[in-house]
Every structure is written in C-alpha cells, then in structure tokens.
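Here is a short briefing to read alongside the structure. Take it one topic at a time, and find each residue in the view as you go.

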Amino acid sequence: MTDARGAVVVGAGIIGLTTAVRLAEAGHDVDVLTADDPLRTTSMSATGMVGLRFAEPSERVTRWRASTVAELSGQFGRDVGVRRQPGLLAGRDRFDAPDRLRSFPGFRVAAPDELPNGFRSGFWLDMIAVDLDLYMPDLVDRLLATGASVSHGHVDDLASIDAEVVVNCSGIGARHLVDDPALRADWGMHVIVENAVGLDHHFMEIPPGLRRWISWMPHGDRILIGGASVLDRDDGAPDSAVEAELLDILGRTRPELAACPTIGVNAGVRPQRDSVRVEAETLPDGRTLVHNYGHGGRGLTLSWGSADEVVSVLTDERGP
Ligand SMILES: Cc1cc2nc3c(=O)[nH]c(=O)nc-3n(C[C@H](O)[C@H](O)[C@H](O)COP(=O)(O)OP(=O)(O)OC[C@H]3O[C@@H](n4cnc5c(N)ncnc54)[C@H](O)[C@@H]3O)c2cc1C
C-alpha cells in the first residue's frame, strides 16, 4: 500500500467530469488525468439528447437516467445549454407508442402532417436537450470550483497511478487499459447545418439500434444532423461519404433542413458495451480501482447516475 492520497480520475469526458464532481462533493481530493482536453473528447460530439429507456430493462439504467434528469433539471435557466424542448420520435413503419410513455410530460401522438416524409407513426414528448458546447465548459468550471484539478497526460497502466483511489473513466480508451472484449468501438458523426429555419424541436428516427437513421437537434444557431453507427470503427474522424449520405436522407425526409448551409461535421467513438461497467477491483498493492466506462450512445443520459454509483461503490468498498 502506498501513502498516496486522494482520487485520480482517468478521463475528462462527460463521464470523468461528472464522476470527479461527485467524488469531490463526497469529500475526496480529486485530480482528473486526461490525454485529451475535456473540450476535445468524444463527449463533445454527442447529439445532446437525454434519451429514453427503450432497450435496457435494467433497474439500474432507469435509476441512473432519473438521476441525470434530476441533476440537469437544476440547470434550466442557467444559460449553459440545458433546456426542455419538444422531441418528435417517429418510425417508418406503423407502431403504437409504448404505454409507459403516455404519462411522460408533453406526450401526444403526432398528427400525420407533423411527420417527416417517409414516416408513418410518431409521438411527441418534452425531453431534456443539452448543448455540449456550452455545458462541458460549465462542467469543467464546476469541477474546478470544488478544488479539484485537471492534469494532462497519457496513462499506460492504471496500477501505476500514484493515488489512493483510481477511477477509470477512459471511454473507448479503456480498451488499451483493461482486458475487456465486451467493449467495442461504435463510430458516429453529425453533419452540422446553420439553423436558418428557426428549428425549435428535435427529431429522432426509431426504433433504436439502426446503423443509419435520420435525426436533427437544434442548438441555437446550428443543427446537428445524424446519425450513423459503425461498429468496430475507432478512428473518430469524419467521413465525407457518410456526410453525403446523411444529407441525401435529410433531403428526402425534411428538404428545408437540407437546404440550410452546411457549416461543419463532427465525429466520435461511442464506448459500446452491453452493460455499463461500474465495478471496483483491488489492485495488487491493495488500493482500489473503480471502473466507470462503456456508456455507448447513452453517456450524457446516464452520466450523473453512474457517477453517483461510483461514489456508492467506493463507500461500500472502504466504508463511509
Ligand atoms: C455521434 C454521437 C452522438 C451521441 N449522442 C448522444 C446523445 O444524444 N445522448 C447521450 O446520452 N449520449 C450520446 N452519445 C454517447 C456519448 O457521447 C458517450 O457515451 C460519451 O461521450 C462517453 O463519455 P466518456 O467520458 O466515457 O468518454 P470520452 O468522452 O471519450 O472521454 C474519454 C476520456 O478518457 C481519456 N482517456 C482515454 N484513454 C486514456 C489514457 N490511456 N490516458 C489518459 N486519458 C485517457 C480521454 O482523453 C478522454 O478525456 C453520442 C456519441 C456519439 C459519437
């Protein structure tokens, strides 16, 4: 056992930052160690939708999402990109909206003339949307205000970090730090167009699990157009062929958005795993390593809940 003190959180994406905030709030002396600047992580390329629970029946995921919703609701009105806005979720086939969604705020079945071209069923909900360009810098400020620090450096071996507690929030980077065949790269990108039409709602094609879909998310004067999922692609670079494909689908689905000037692209690699790994292990010298990675396409949605879980896992390990 070393005499090192405090917690080092590896990773400064949405998962590392929220985990570090919660650890600092719980009284830990926290340093975040990251290879990339927080504002250059995959988390910056997220659409910014606090998603619904479609696929995961787990009680844990439901609870984590609820924690995030509660935390983000406290940010409304702070001008940090967090707001509630109408979201339209629609499919190309006819379907009935799941019963459990009918009690959600803002639920109503979409009228046929509200559906984009080629879509046959859909429903509206009031959902939380987050502009990561505004929210991530605020999260960094919030972390620093706790007295925590952010250091830059590449980690080759989690056990070599000189800290009482090490927390692994390295996203897809965990593939090089732990032996976990369940963790897979899931590449995605957006085309970014100017919000020349004053769009004030978002749209997502369902069901989830498609490899290409159409979605739009307005953040102020820009709109993120998705979406793509390529398993085992891990370069994190935009792809001009996918850009053309997304604009083509958009043109057929919502032509007035396709007519907005394109102002950029973004791309990132989702850390895909069947279930998020939040788990403690004991290092050979007796120190504690806690993992918090594998959030796939739900990192923003689950962020505060899985951060809370890290704190409770540590409390269970070490006592309050
Ligand atoms: C196109 C796209 C759209 C998305 N949309 C949404 C959405 O609308 N809603 C939602 O909930 N989720 C969404 N996601 C998913 C979400 O972005 C991810 O789940 C989330 O960003 C994962 O965060 P993370 O902190 O685990 O990883 P990252 O953001 O990748 O951060 C990893 C951190 O670990 C550091 N790191 C890695 N390896 C090392 C190392 N060896 N040494 C030191 N540091 C290291 C990196 O530098 C970085 O700081 C989307 C993802 C993509 C790609």
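D79 sits in the loop between α2 and β3 (82-91). In this predicted model, the phi of D79 is near 60°, a positive value in a residue other than glycine. With 10 other C-beta atoms within 10 Å, D79 is exposed.

**Other backbone spots to look up**
- D232 is not a glycine, but has a positive phi of about 70°. You will find D232 in the loop between β12 (230-231) and α4 (240-253).
- D232 has 9 other C-beta atoms within 10 Å, so it counts as exposed.
- The peptide bond from I206 to P207 is cis, with omega near 10°. P207 belongs to the loop between β9 (202-205) and β10 (212-219).
- G226 and G227 are also joined by a cis peptide bond, with omega at about 0°. G227 is part of strand β11 (residues 222-228).

**The protein as a whole**
- There are 6 helices and 15 strands in the protein.
- Its radius of gyration is 20 Å, close to the 20 Å that the globule rule gives for 320 residues, so the protein is as compact as a globular protein of that length.
- Along the principal axes, the C-alpha atoms fill a box of roughly 65 × 40 × 35 Å.
- Of the 320 residues, 42% count as buried.
- Among contacts with a separation of 6 or more, 76% come from residues 24 or more positions apart.

**Two domains**
- The protein is divided into domain 1 (1-81 + 131-182 + 274-320) and domain 2 (84-127 + 184-272).
- Where they touch, domain 1 supplies 20 residues and domain 2 supplies 24 residues.
- The side of domain 1 that touches domain 2 has 8 nonpolar, 10 polar and 2 charged residues.
- The C-alpha centres of domain 1 and domain 2 are 27 Å apart.

**The ligand and its surroundings**
- Which residues come nearest to the ligand? Of the 43 residues around the ligand, they are G11, G13, G171, G173 and G299.
- The elements that give two or more residues to this shell are α1 (14-25), β2 (30-34), β8 (184-194), β13 (262-272) and α6 (299-318).
- By class, the shell has 16 nonpolar, 24 polar and 3 charged residues.
- Why does the ligand lie between domain 1 and domain 2? Both domains give residues to the shell around the ligand, so the ligand lies between them.

**A look at helix α1**
- α1 has 12 residues and reaches 17 Å from its first C-alpha to its last, close to the 16 Å expected at 1.5 Å a residue.
- Is α1 mostly covered or mostly exposed? It is mostly covered, with 11 of its 12 residues buried.
- Those buried residues include I14, L17, V21 and L23.
- The buried residues of α1 pack against several partners, including β1 (7-10), β2, α3 (132-145) and α6.
- Just after α1, G27 takes a positive phi of about 100°.

- L39 is placed in the loop between β2 and α2 (59-73).
- L39 has 13 other C-beta atoms within 10 Å, so it is partly exposed.
- Leaving out residues up to four places away in sequence, L39 touches M44, M136 and P137.
- L39 and D285 are 246 residues apart in sequence, and their C-alpha atoms are 34 Å apart in space.

Note on methods. Residues numbered from 1 in each chain as written. Predicted model: local features only at pLDDT ≥ 70, side-chain atom pairs only at ≥ 80, totals over all residues. Near = placed C-beta within 6 Å. Helix = DSSP H or I, 4+ residues; strand = E, 2+ residues; numbered from the N terminus. Nonpolar A, V, L, I, M, F, W, Y, C, P; charged D, E, K, R; others polar. Domains from an automatic or database assignment. Buried ≥ 20, exposed ≤ 12 C-beta atoms within 10 Å, placed from the backbone. Contact = placed C-beta atoms within 7 Å. Expected span 1.5 Å × (residues − 1). Rg over C-alpha atoms; globule rule 2.2 N^0.38 Å.
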